[in-house]
Amino acid sequence: MDRNSLSDRNVAGVIGMLSDSSAAEFIYSQAKKMMWSVVEYKEIQMLYTCAIKEIKTKLDILDTEFKVRYKRNPISSISSRLKRTESVIEKLHRRGYPFTIESIEHNINDIAGVRVICSYVDDVYAIADALLAQDDIKLLSRKDYIHNPKDNGYRSLHLIVTVPVFLSESRKEVKVEVQIRTIAMDYWASLEHQMKYKKDIPDAERVSRQLREVAEDMARTDRRMLELRRDIELAEDAVSEDDELFDRLGRIGMPL
Ligand code: GTP
Ligand code: MG
């Protein structure tokens with residue numbers, strides 16, 4: 001009999017058919033199996049936590065490089081989260097996948113999530129390109145909701161990547177979902193997210209329509225801000241090589 005496929009009902013049936021000592025042995029073996037699953041689950045949580053650290057370090061390094069070489073930081077902020085266990089269970093259940101470690105690793109791409117907030121739209125793509133150009137990063141999927149916004153107005157660039165995590169005795173490729181968007185897109189998404197969890201919004205249709213309109217307004221503002229920044233940068237480009245050198249020297253003392 002395949003003990004892994006036992007349901008609660010036939011476990012009770014099997015125990016009923018066994019002698020006392022073999023029933024105790026059976027229960028103990030099932031309990032051990034469960035405890036091993038808990039240990040394994042904790043181990044993969046550790047792996048995903050390390051993968052988040054790897055990705056955040058890569059992003060931090062890119063941001064530091066930009067700060068020293070150019071005059072601005074492309075990244076406004078970075079946040080991350082490990083998917084909560086109840087959300088993992090809910091997602092597996094909703095999609096009809098088994099609750100096993102292999103199934104979690106194979107079917108769920110957003111156990112590790114990193115969100116990068118940029119000031120300008122071109123920074124979103126610059127950061128994505130620079131991350132994906134690294135030879136230890138493998139791209140599994142890319143969804144560009146900036147060029148193709150969702151019907152509700154949602155905009156963001158989503159990447160599912162793998163990053164190697166080096167442990168004491170092995171190297172593991174671990175999946176991370178990276179969401180990159182502008183401050184304006186993030187501002188919008190947090191309000192829209194709040195709405196998803198409110199069931200009784202009066203006049204929900206009007207709120208959805210207005211959210212779509214605001215998303216358009218924000219996209220327009222993002223485009224105008226980028227144009228203005230570029231105009232300002234063009235004006236600054238008239239500086240001489242000496243000006244550039246002294247400017248870079250002036251920034252040498254800044255904390256990294
Ligand atoms: P899940 O939604 O996580 O099951 O993944 P998916 O396969 O549909 O992938 P997708 O790339 O579309 O969305 C991944 C994540 O992006 C979500 O978990 C949210 O965090 C975010 N997201 C996607 N769509 C929306 C949206 O319409 N509004 C907001 N606020 N966030 C969204
Ligand atoms: Mg998700």
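A residue is called buried if 20 or more other C-beta atoms lie within 10 Å of its own, exposed if 12 or fewer, and partly exposed in between, with C-beta atoms placed from the backbone. The model is predicted: local features need pLDDT of at least 70, side-chain atom pairs count only at pLDDT 80 or more, and totals for chains, interfaces and linings use all residues. Residues are numbered from 1 along each chain as its sequence is written, while chains are lettered from A and ligands numbered from 1 in the order in which they are written.

1. Asp-203. With 9 C-beta neighbours inside 10 Å, Asp-203 counts as exposed. Its place is the loop between α6 and α7; helices (H or I, at least four residues) and strands (E, at least two) are DSSP runs numbered from the N terminus. The phi angle of Asp-203 is near 60°, a positive value in a residue other than glycine.

2. Ligand shell. The residues around ligand 1 are Asp-110, Lys-143, Lys-150, Asn-152, Tyr-154, His-158, Gln-179, Ala-189, Glu-192 and His-193, where a residue is near a molecule if its C-beta atom, placed from the backbone, lies within 6 Å of it. By class, this shell has 2 nonpolar, 4 polar and 4 charged residues. Here Ala, Val, Leu, Ile, Met, Phe, Trp, Tyr, Cys and Pro count as nonpolar, Asp, Glu, Lys and Arg as charged, and the others, Gly among them, as polar. Helix α6 (residues 183-196) gives the most to the shell, with 3 residues.

3. Helix α6. The 14 residues of α6 should span 20 Å at 1.5 Å a residue, and the end C-alpha atoms are 20 Å apart, which agrees; the expected span is 1.5 Å times one less than the number of residues. Ala-184, Met-185, Asp-186 and Trp-188 are the buried residues of α6, and they pack against β2, β5 and α7. Contact requires C-beta atoms, placed from the backbone, within 7 Å. Leu-191 also lies in α6, but counts as exposed with 11 C-beta neighbours inside 10 Å.

4. Nonpolar core. The largest nonpolar core has 28 residues, of which Val-116, Ile-127 and Val-176 touch the most other members. Two or more residues come from each of α2 (20-69), β2 (112-118), α5 (121-132), β4 (157-166) and β5 (171-182). Such a core is a set of buried Ala, Val, Leu, Ile, Met, Phe, Trp, Tyr and Cys residues joined through C-beta atoms within 7 Å. Not counting residues up to four places away in sequence, Ile-127 touches Leu-59, Leu-62, Pro-74, Ile-75, Val-116, Cys-118 and Ile-180.

5. Helix α5. Which residues of α5 are buried? They are Val-121, Asp-123, Val-124, Ile-127, Ala-128 and Leu-131. These residues cover an arc of only 160° around the axis, which puts them on the same side of α5; the arc is that of the directions from the helix axis to the C-beta atoms. Their packing partners are α2, β1 (75-82), β2, β4, β5 and α7 (204-236).

6. Helix α7. Asp-222 lies in α7 and counts as buried, with 22 C-beta neighbours inside 10 Å. Asp-222 touches Val-121, Thr-182 and Ala-184, not counting residues up to four places away in sequence. The C-alpha atoms of Arg-223 and Val-11 are 61 Å apart in space, at a sequence separation of 212 residues.

Notes:
Two residues are in contact if their C-beta atoms, placed from the backbone, lie within 7 Å.
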